Amino acid sequence: MAKLLPENRRSYAEIESLKFDNEGQPTASSLEQEEVERSVLTQFDLFEKRAEVDEDCPLLLRQKHANVLKKSLTHLPQSFQCLDSSRPWLVYWALHSLALLEEQLEEEDYTKITGFLAKCQSPNGGFGGGPGQIPHLACTYAAVNALCTIGTKEAFNVINRESLVKFLWSVRQPDGSFIMHQNGEVDVRGAYCALSVSKLTNIYTPELFEGTAEWIVRCQSYEGGFSACPGMEAHGGYSFCGLAALFMLGKDHLCDMKAFMRWIVNRQMRLEGGFQGRTNKLVDACYSFWQGGAFIFLHNILYKENKSIVNSDRWLFNQEALQEYILICCQQPSGGLIDKPGKLRDVYHACYALSGLSVAQHTSLIKKYIVGSPSNLLAPIHPMYNITFDAAVKAMKYYENHPIPPSGTP
């Protein structure tokens with residue numbers, strides 16, 4: 001049974017009292033922060049006036065978002081040409097968002113999408129950014145997630161698991177790290193994407209990931225979060241990838257969990273309620289998942305160590321404040337979700353804002369916290385993969401009946 005918490009909504013006066021104080025020393029970044037806070041406060045002021053006459057406010061514009069997302073699968077503005085090498089991502093972002101909204105496409109639409117993703121698969125294994133493009137770990141992750149979200153036998157069978165194993169071995173490095181593609185860059189996304197697709201499709205072997213956990217631990221920065229590669233700045237997306245990968249490997253104990261916890265709990269913005277991706281940066285709706293989703297792993301790790309450390313009913317962030325930010329500040333009235341007030345809508349921010357909203361609503365499959373209308377409730381996600389929980393379970397059950405292909409070790 002969903003639990004409504006209107007009494008936990010922050011008042012405008014309370015939110016306004018949390019404005020940033022530059023201590024009389026304005027800087028470029030402090031001026032940007034103050035400008036964002038002004039735009040956010042405008043939205044919260046309008047919301048408080050509406051809430052006086054509408055008890056279901058804020059309302060998730062479910063059908064409007066679904067309409068925009070469905071259209072994005074076939075028609076995108078010319079400005080999206082720059083994402084021609086990320087077409088499986090565009091498909092995944094839209095399909096996953098629709099799944100969270102519990103919106104279905106027609107069977108023929110799923111068949112067309114499945115056929116398109118099949119064309120993105122390389123003869124050498126893995127998926128490229130479009131038909132005929134070289135295989136890339138990030139695009140492989142997106143394509144596998146999209147196919148598992150569709151969840152038909154036809155979609156599952158598109159994935160050539162034998163060649164996928166060979167592709168993963170081809171981008172694995174001697175130290176356990178992964179390059180994103182042949183002659184590409186090494187970063188922690190590669191390790192996460194490789195682990196995610198291998199676990200989801202039942203091709204995981206310890207040999208393939210020997211040394212990977214130790215390499216990921218080297219990416220933890222002095223701040224406590226994880227960076228793209230050793231020596232770089234801690235970042236929300238990389239921190240999610242790093243912690244999720246260690247969790248999947250069962251080696252989260254190797255990192256400094258206290259430092260990570262200290263870093264991530266300070267990424268939720270006091271006034272806005274959303275998350276920033278790095279220290280001294282602005283709020284961004286996409287970090288609703290990249291930061292918010294990491295709290296699920298953190299919670300489980302701490303609970304495993306000592307059940308009395310954490311409240312089993314709550315994540316270690318303000319779940320209501322995050323929902324307020326997404327619902328009040330990041331919805332376009334005509335449909336679609338945005339980074340922050342004043343930005344344009346796009347399917348990337350729709351995907352990760354909705355994923356973060358789901359995280360904030362579902363402390364477990366039983367315990368739920370919903371700000372606004374009961375109709376705001378989204379489907380729960382599986383945090384390791386960021387597809388819906390039902391889609392992940394269905395895919396894992398399907399592939400567990402298929403033997404693990406030969407290792408393909410070079």
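This note walks through the structure in numbered points, from model confidence to local details.

1. **Confidence.** This is a predicted model. The mean pLDDT of the protein chain is 94. A pLDDT of 70 or more is reached by 97% of its residues. Residues 1-6 are another matter: there the pLDDT is below 50. Beyond near neighbours in sequence, that stretch has 12 contacts in the model. Where pLDDT is low, the predicted coordinates should not be read in detail.

2. **Nonpolar core.** The largest nonpolar core holds 129 residues. Within this core, W89, Y92, L137, L168 and Y352 touch the most other members. Helix α6 gives the largest share of the core, with 11 residues.

3. **Y92.** Take Y92 from that list and look at its surroundings. Setting aside neighbours within four places in sequence, Y92 is in contact with Y141, A142, N145 and A146, among others. Its contacts also include C351, Y352, Y385, N386 and I387. Y352 is itself one of the core residues that touch the most other members.

4. **F240.** This residue lies in helix α11, residues 236-249. F240 has a relative accessible area of 0%, so it counts as buried. Leaving out neighbours within four places in sequence, F240 is in contact with Y192, F289, W290, G293, A294, F297 and P383. For a sense of distance, compare F240 with E32. They are 208 residues apart in sequence and 26 Å apart in space, C-alpha to C-alpha.

5. **F317.** This residue sits in a loop, between α14 (294-305) and α15 (319-329). Is F317 buried or exposed? Its relative accessibility is 7%, and buried means under 20%, so F317 counts as buried. Not counting residues up to four places away in sequence, F317 touches Q268, F275, G292, F295, L322, V359 and A360. The C-alpha atoms of F317 and L83 are separated by 33 Å, and the two residues are 234 apart along the chain.

6. **Largest pocket.** About 640 Å³ of space lies in the largest pocket. Its lining has 28 residues. Nearest its centre lie Q33, M269, Q276, N280 and K281. Helix α2 (residues 28-51) supplies the largest share of the lining, 5 residues. By class, the lining has 13 polar, 9 charged and 6 nonpolar residues.

7. **Second largest pocket.** This one has about 530 Å³ of space and is lined by 24 residues. A99, Q104, T149, I150 and T388 lie nearest its centre. Four helices each give at least two lining residues: α4 (87-100), α5 (107-120), α6 (137-150) and α17 (389-399). Which helix gives the most to this lining? That is α17, with 4 residues. The lining divides into 12 nonpolar, 6 polar and 6 charged residues.

8. **Backbone points to check.** Most residues other than glycine have a negative phi, and most peptide bonds are trans. A cis peptide bond joins C57 and P58, with omega about 5°. P58 is in the loop between α2 and α3 (62-72). N183 has a positive phi of about 65°. N183 lies in the loop between α8 (161-171) and α9 (188-200) and is exposed, at 76% relative accessibility. N280 also has a positive phi, near 70°. N280 is in the loop between α12 (257-265) and α13 (287-290). At 55% relative accessibility, N280 counts as exposed, because exposed means over 50%. N280 is also one of the residues nearest the centre of the largest pocket.

Note on methods
Residues are numbered from 1 along each chain as its sequence is written. This is a predicted model: local features need pLDDT of at least 70, side-chain atom pairs count only at pLDDT 80 or more; totals for chains, interfaces and linings use all residues. Side-chain values use heavy atoms; hydrogens and water are left out. On a 1 Å grid over the protein atoms alone, a cavity is a set of points where a 1.4 Å probe fits but cannot get out, and a pocket is an open set with protein on both sides within 12 Å along at least five of seven lines; lining residues have an atom within 4 Å of a point. Grid points are joined across faces, edges and corners, and a volume is the space filled by probe spheres set on the points. Ala, Val, Leu, Ile, Met, Phe, Trp, Tyr, Cys and Pro count as nonpolar, Asp, Glu, Lys and Arg as charged, and the others, Gly among them, as polar. pLDDT is the predictor's confidence in each residue, from 0 to 100. Contact means heavy atoms within 4.5 Å. A nonpolar core is a set of buried Ala, Val, Leu, Ile, Met, Phe, Trp, Tyr and Cys residues joined through side-chain atoms within 4.5 Å. Buried means under 20% relative accessible area, exposed over 50%, partly exposed in between (1.4 Å probe, protein chains only).
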